[in-house]
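Please find below my notes on this model, as numbered points.

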Amino acid sequence: MTVTTKFKSGRTEPGEAYVSDHSGSPHAHFMRLTSYALVPLGALSAWWILGLAGKTLDGVRAEIARPIPAIVLLVFGVIGMVHARRGMDDIIEDYVHDDALKAQALVANLWASRAIAALWVVAILLLAAPK
Amino acid sequence: MADADIDRLAARRPLSPHLTIFKPILTMMMSIAHRITGAGLYVGMAFLTLFLLGAAIGGGAFSAVSWIASGFIGNLIILLIVWAIFHHLLGGVRHALWDRGLYMDPRGRELLAQGTLVGGILLTVLVLIFKTLAS
Ligand code: HEM
Ligand code: HEM
């Protein structure tokens, strides 16, 4: 991310110059660390996600409502959406240049990613709960 | 120079990368494919969440969301998500190798780009075959 400063160059008015907020390296490191966790989680989840195709309701429950798939998918959803939020922040910062729109898009992304992660967890817990 | 002139000149200055004049090369395509699959998975996870919520509630709620994973459209959505996971995952492995300074020479990075493309499709097909055999 960039932040505005009071710095005034020959070409800009005060507050118009952009400098780094030094969040770049921690950001890259965060994407890497989450991605290491997502390699095994993603590969296993892909297996069970493919198993959802064409299933009846009982078939879906049988696929998901076992301890190992439920736990792996749950953790995949949470780490995946935390990772995806930061990744989508990158995309927004790269392509949305209007300051107001960019701020709105970043907030929308924050809440969309939280909503997806939260509902994902609720859904899997409900599916896996003993009936 | 007047401000308006500077603005007009700045607007006319081409942005890099020059999408229209660069020859598409595989490493570049795999770079953008990593971004597309990442954004696609975001949307895919939203659809899957709807599907799982519908299944968790059951009854009419499941009928309302079952199209996400069955029928032609549903099978396509699930297959695309699985492919996107594998393609994006291999793209991540590629980043991890590059972080360690490996496979950065022309032959190495070409190999990784081919590996990502072919590997993503191959893993999807393999999982599809095993899953079909297992059920
Ligand atoms: C399956 C295992 C996964 C691995 C190994 C992985 C790896 C990575 C890595 C290393 C990056 C950073 C790329 C860069 O620095 O340019 C990244 C970006 C990203 N990832 Fe993932 N990821 C995985 C799963 C996911 C999932 C499940 C989602 C979505 C729900 C996702 C969404 C994104 C997005 C939106 C970006 C930003 C793309 C960009 O800036 O070009 N990833 N991923
Ligand atoms: C069709 C043309 C192109 C498209 C759509 C494109 C798209 C992208 C995207 C989405 C990223 C971020 C994903 C990532 O880091 O893996 C990226 C990064 C990058 N691209 Fe391109 N690119 C194109 C051509 C080029 C060309 C021709 C060059 C150089 C001459 C270039 C240099 C770079 C560099 C240096 C980065 C890394 C930036 C960073 O680490 O923050 N790209 N490109």
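1. In this predicted model, the iron atom of ligand 1 is coordinated at 2.0 Å by NE2 of His83(A) and NE2 of His88(B). Donors are N, O and S atoms within 2.8 Å of the metal (3.2 Å for Na, K and Ca); water is not among the atoms, so sites may look incomplete. The pair crosses between chains: His83(A) lies in helix H3 of chain A and His88(B) in helix H4 of chain B. Helices are DSSP runs (H or I, at least four residues), numbered from the N terminus.

2. The arrangement is octahedral because the six donor atoms around the iron atom of ligand 1 subtend angles of 86 to 179°. For six donors, the term requires opposite donors over 155 degrees apart and all others between 65 and 115.

3. His83(A) counts as buried, at 12% relative accessibility, and His88(B) also counts as buried, at 15%. Buried means under 20% relative accessible area, exposed over 50%, and partly exposed in between (1.4 Å probe, protein chains only).

4. The largest nonpolar core has 48 residues, and Ile49(A), Phe76(A), Trp120(A), Phe51(B) and Leu52(B) have the most contacts inside it. Such a core is a set of buried Ala, Val, Leu, Ile, Met, Phe, Trp, Tyr and Cys residues joined through side-chain atoms within 4.5 Å.

5. Leaving aside neighbours within four places in sequence, Phe76(A) is in contact (heavy atoms within 4.5 Å) with residues including Ile49(A), Trp120(A), Met45(B) and Ile85(B).

6. Asp99(A) is in helix H4 of chain A and is partly exposed, with a relative accessible area of 47%.

7. Residues are numbered from 1 along each chain as its sequence is written, chains are lettered from A and ligands numbered from 1 in the order in which they are written. Local features need pLDDT of at least 70, side-chain atom pairs count only at pLDDT 80 or more, totals for chains, interfaces and linings use all residues, and side-chain values use heavy atoms, with hydrogens and water left out.

Methods
Helices (H or I, at least four residues) and strands (E, at least two) are DSSP runs, numbered from the N terminus. Four donors count as tetrahedral if all angles lie between 85 and 135 degrees; four count as square planar and six as octahedral if opposite donors are over 155 degrees apart and all others between 65 and 115; anything else is irregular.
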